[in-house]
Amino acid sequence: MRRAVVLRVGAALAAAVTAAAVGAAVPMLQAAAAPAAAAGNATGFASANGGTTGGAGGQTVRATTGTAIHQALCSRASSSTPITIQVEGTINHGNTSKVSGNSCNTAAGVIELKQISNVTIIGVGNGAVFDQLGIHIREASNIIIQNVTVRNVKKSGSPTSNGGDAIGMESDVRNVWVDHVTLEASGGESEGFDGLFDMKNNTQYVTLSYSILRNSGRGGLIGSSESDRSNGNVTFHHNLYSNIDSRTPLLRGGIAHMYNNHYRNLHESGINSRAGARAKVDNNYFEDSKDVLGTFYTDEAGYWQVSGNIFDNVTWGGRDAEHNPAGPNPQSNTSVSVPYSYTLDGASCVPDIVNRTAGANKGLQVSNGNCTPTHPPTDPTDPPTDPTDPPTDPPGGTNLSLGAGSDGSSKAGGTSYGDVRDGSMSTYWSPSGSTGDISIKWGSATTVGRVVIREASGATGAIGSWQLLNADNGAVLKSGTGAGTISFTPTSLKKVTFRITGSNGTPRVAEYETYSS
């Protein structure tokens, strides 16, 4: 039975390829520019329990490899230091390795968000694709993932990642907002794939919004077994589930709220509420599908409250001890309340508004509550500065590296430190290898609150991970990846050291500017 279902998924994929080959009208997405940090505010259950803000208020860094993502996490002052990681390009097994550090616990072959908090990962520019590489969230809290594609993650075959889950959460996870993502596979379990969006072992306060889940045997689950009932408080809204066999989602215990989602071509079953779970199902559009709501494959009943849904060409199976579909005339058998406000689009416009807003590279548009796309406000976190250009937020006061009695030192044995304090981008300092220290110092205590590191022409992007140190006492003022503007709490010191701990080749620092604020 399972093999036949998987063939339906494969057939649908083949049909799409064929249509494109003969010039049929297959929609093509164009990458849209995304804000520097998470756009809008968390909705649904992710807005409860203190809310979900991710890396807001922290440093913003850019990453084009999985290793760079891990390095950004490991370069923080602590495992809870806020950070926004902008991702562009294809992240895969070839560029994702384990990085060690006191503020991280990473692994090769997976994007590991383990035992950490206060992190945003957002796709920017031409888009971010995690190819055959899953995102694993474990013992973590206050995480935002936005505007990325995760595809073809396998649990069997080669290569494997994350147990076959595109995004998986487990073990005491709290407050995760996944927004405007595309999660997709190329078949079902017999082809090596598992779930697209899984939660287990005490995962709570999660929202999946404005996303696409497609071409998979399994959409996702909340609870790994009938005894794993410690999960819940999950919201799904304005998502597209397309060409999926089952689990949209499978819910074991707990509460889930599904509103304004578009479900189409669900081959076996859809929302599977079981083992005491309660599902609030509002103003969704179900189309060309089978058994879209009920309790399936168990005799442990689940419950649902339904309102305002449209069932368009939905078929319903018969009832037996392990099969209890809600239809053909779905009625509520429980009541569910949620601790947040929300606005419902009319179910009849759901296919259109979801088509225009859901998924990565759609410009992060959302519904205005009246079936019309709009752009949300942008988080005020500053974008990373191109070190070859003037900072977008000009530092206040005088560049203390050019005057104020400054001096400097280089511990790496490269060209003179003086080349970074001569006001010229044509001269530069390099370490003797790929890492090293360079400092600016003064004869008496000087207050510094901002540093600008500018890379020389032809070396942009060479600086990887770094730490900025108060050389008077060794304290870490800030850590991160890439050159640019570094702001920190103004500190009185005699010497500030820029320590390069990782690089892509040999760094070349053209200017090391220091400012009071």
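Helices and strands are DSSP runs, numbered from the N terminus. In the predicted model described here, the protein chain has three helices and 34 strands. Asparagine 283 lies in the loop between β21 (278–282) and β22. Its phi is near 50°, a positive value in a residue other than glycine. Asparagine 283 counts as buried because its relative accessibility is 12%, under the 20% limit.

Strand β22 itself spans residues 285–290 and contains serine 289. With a relative accessibility of 4%, serine 289 is also buried. A polar atom of the serine 289 side chain lies 2.7 Å from the backbone oxygen of glutamate 287. Once neighbours within four places in sequence are set aside, serine 289 is in contact with Tyr263, Arg264, Asn265 and Leu266 on the one hand, and with Asn313, Val314 and Thr315 on the other.

For the chain as a whole, 56% of the 517 residues count as buried. Among contacts between residues at least 6 apart in sequence, 72% join residues at least 24 apart.

In soluble globular proteins, nonpolar side chains tend to be buried together. The largest nonpolar core of the model has 66 residues, and the members that touch the most others are Phe130, Ile137, Phe197 and Phe236. Leaving out residues up to four places away in sequence, phenylalanine 197 touches Ile167, Met169, Val178, Leu183, Val206, Leu208, Leu213, Gly219, Gly220, Leu221 and Phe236.

Twelve aromatic pairs are present in the structure. In the pair formed by phenylalanine 197 and phenylalanine 236, the ring centres are 6.5 Å apart and the planes meet at 80°, so the arrangement is edge-to-face. Phenylalanine 197 belongs to strand β11 (residues 197–200) and phenylalanine 236 to strand β15, so the pair ties together parts that are 39 residues apart in sequence. Both phenylalanines are buried. Elsewhere, ring pairs link Phe45, Tyr205, Tyr259, Tyr340 and Tyr342 into a cluster. A ring is also involved in a contact with a charged residue: arginine 508 lies over the face of tyrosine 428, at 4.9 Å from the ring centre.

Serine 230 is located in the loop between β14 (221–222) and β15 (232–237). Serine 230 counts as partly exposed because its relative accessibility is 28%. Two polar contacts of its side chain were identified. One reaches the backbone nitrogen of asparagine 202 at 2.9 Å, and another, of 3.2 Å, joins the side chains of serine 230 and aspartate 228. Apart from residues up to four places away in sequence, serine 230 touches Asn201, Asn202, Thr203 and Gln204. The C-alpha atoms of serine 230 and glycine 253 are 7.1 Å apart in space, while the two residues are separated by 23 residues in sequence.

Backbone geometry was also examined. Most residues other than glycine have a negative phi, and most peptide bonds are trans. Besides asparagine 283, with its positive phi, glutamine 115 has a phi near 55°, likewise a positive value in a residue other than glycine. Glutamine 115 lies in the loop between β3 (111–114) and β4 (117–131). Its relative accessible area is 38%, so glutamine 115 is partly exposed, whereas asparagine 283 is buried.

Serine 158 and proline 159 are joined by a cis peptide bond with omega of about -5°; proline 159 is found in the loop between β7 (149–151) and β8 (167–170). The peptide bond from glycine 327 to proline 328 is cis as well, with omega near 15°. Proline 328 is found in the loop between β26 (323–325) and helix α3 (350–357).

Technical notes:
Residues numbered from 1 in each chain as written. Predicted model: local features only at pLDDT ≥ 70, side-chain atom pairs only at ≥ 80, totals over all residues. Heavy atoms only, no water. Helix = DSSP H or I, 4+ residues; strand = E, 2+ residues; numbered from the N terminus. Buried < 20%, exposed > 50% of the residue type's maximum accessible area, 1.4 Å probe, protein only. Polar contact = N/O pair within 3.5 Å; in protein donor to acceptor, adjacent residues only side chain to side chain. Contact = heavy atoms within 4.5 Å. Core = buried A, V, L, I, M, F, W, Y, C linked by side-chain atoms within 4.5 Å. Phe/Tyr/Trp six-rings, centres within 6.5 Å; stacked < 30°, edge-to-face > 60°. Lys NZ or Arg CZ within 6 Å of the ring centre and 35° of its normal.
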